[in-house]
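Biologist: I would like to learn how to read a model like this. Please take me through its features one at a time.

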Amino acid sequence: MSLSRWYCTAASIALAACGNDLGYDTSASTGLPCDVQAILADHCEACHGATLAGGAPIHLTSYADLMATSGGGGTIAQRCLDRMRNTPAQMPPLPAAAVTAAEIATFQAWVGAGAPSGDCTGGAGGFDGPVVCTSGKTWTGGNRESPLMHPGLPCISCHASGEGPRFRVAGTVYPTGHEPDDCDGAAAAAAAVEVTDASGAIATLSVNAAGNFFSSAAFAFPIRVAVVAGGARRAMAGSPPTGDCNTCHTRDGANLAPGRIALP
């Protein structure tokens with residue numbers, strides 16, 4: 001693996017440490033439709049952003065970028081689509097997760113329609129809102145053992161101190177991207193967390209009334225994780241460095257994660 005490919009892969013993992021939806025800037029129009037802009041922000045801009053990284057030769061942040069002519073002919077937009085669909089040499093590169101089939105279909109439909117311009121100005125990405133406790137409910141039980149305890153706080157590192165069950169994967173799902181510690185997250189019926197381990201085995205973890213999910217199963221790492229709700233799905237761009245999801249998905253985000261684990 002080349003140094004540039006290694007760097008770009010590492011950057012993708014870091015930016016998506018516990019979730020892949022990076023949000024996108026809506027303060028100025030890029031000329032791209034919102035759905036296309038979101039796909040690029042989630043999967044490409046770790047290297048092809050406003051600041052290039054890992055040897056990436058081009059920016060993929062504006063309509064002008066996508067309409068430029070590719071070195072092999074055709075537009076950069078068509079080249080992006082080709083690379084997204086190229087399983088043996090996908091972009092983003094492994095170990096980052098491939099762009100989902102639904103996202104590829106969206107991007108392909110846009111290219112097939114002639115790649116019309118769009119305007120996201122004034123819209124809101126999933127992590128563009130204020131700090132708010134959407135549920136209006138807060139855990140007040142201190143360290144009393146409960147599956148509803150301390151939503152938003154690192155579960156595995158706390159339980160490793162000797163109290164309560166041991167978990168391999170645990171975290172909290174929230175309705176929005178910036179919610180305070182101990183605030184209850186998404187309602188139990190609103191979401192589930194899908195964990196795919198290195199062997200390809202898939203486990204679906206339920207989300208309880210506080211938004212917490214957890215499992216003590218012996219997952220083979222590296223794992224891939226997605227949140228599913230109401231027929232929508234938010235998948236990570238890469239494999240998390242730990243199963244203790246709330247260590248990265250803090251209120252404001254840590255290790256370059258954008259914020260909480262948010263509903264899709």
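Biologist: What share of the 264 residues in the protein chain is buried?

Modeller: Buried means under 20% relative accessible area, exposed over 50%, partly exposed in between (1.4 Å probe, protein chains only). Here buried residues make up 45% of the 264. This is a predicted model: local features need pLDDT of at least 70, side-chain atom pairs count only at pLDDT 80 or more, and totals for chains, interfaces and linings use all residues. Residues are numbered from 1 along each chain as its sequence is written, and side-chain values use heavy atoms, with hydrogens and water left out.

Biologist: How many helices and strands does the protein chain have?

Modeller: Helices (H or I, at least four residues) and strands (E, at least two) are DSSP runs, numbered from the N terminus. The protein chain has 7 helices and 7 strands. Their order from the N terminus is α-α-α-α-α-α-α-β-β-β-β-β-β-β.

Biologist: Which residues touch the most other members of the largest nonpolar core?

Modeller: A nonpolar core is a set of buried Ala, Val, Leu, Ile, Met, Phe, Trp, Tyr and Cys residues joined through side-chain atoms within 4.5 Å. The largest one has 18 residues, and L40, L60, L66, C80, M84, F107 and W110 touch the most other members. Elements giving two or more residues are α2 (34–43), α5 (76–85) and α6 (101–112). The largest share, 5 residues, comes from α5. A second, separate core has 17 residues, including V173, A186, F219 and C245.

Biologist: What does L40 touch?

Modeller: Contact means heavy atoms within 4.5 Å. Not counting residues up to four places away in sequence, L40 touches L32, E45, L60, L66 and F107. L40 is one of the buried residues of α2. In that helix, 8 of 10 residues are buried. Their cover includes α3, α4 (63–67), α5 and α6.

Biologist: Where is H48 found, and is H48 buried or exposed?

Modeller: H48 is in helix α3 (residues 45–48). With a relative accessible area of 12%, H48 is buried. Its side chain reaches the backbone oxygen of I58 at 2.9 Å. Not counting residues up to four places away in sequence, H48 touches A56, P57, I58, H59, L60, T61 and M91.

Biologist: How many aromatic pairs are found in the whole structure?

Modeller: A pair of aromatic rings is described by the distance of the centres and the angle of the planes. Rings of Phe, Tyr and Trp (its six-membered ring) pair if their centres lie within 6.5 Å; planes under 30 degrees apart count as stacked, over 60 as edge-to-face and the rest as tilted. The search finds 2 pairs. The ring centres of F107 and W110 are 5.5 Å apart and the planes are at 70°, so this pair is edge-to-face.

Biologist: How are F107 and W110 placed in helix α6?

Modeller: An α-helix has 3.6 residues a turn, so residues three or four places apart point the same way. F107 and W110 are 3 residues apart in helix α6, about one helical turn. F107 is buried at 0% relative accessibility. W110 is buried at 7%.

Biologist: What about the rings of F167 and F214?

Modeller: Their centres are 4.9 Å apart and their planes at 25°, so the pair is stacked. This pair links distant parts of the chain, 47 residues apart. F167 lies in the loop between α7 (155–159) and β1 (169–174), F214 in strand β4 (residues 212–215). F167 is buried at 14% relative accessible area, whereas F214 is partly exposed at 34%.

Note on methods: A polar contact is a pair of N or O atoms within 3.5 Å; within protein, one must be able to donate a hydrogen and the other to accept it, and residues adjacent in sequence count only if both atoms are side-chain atoms.
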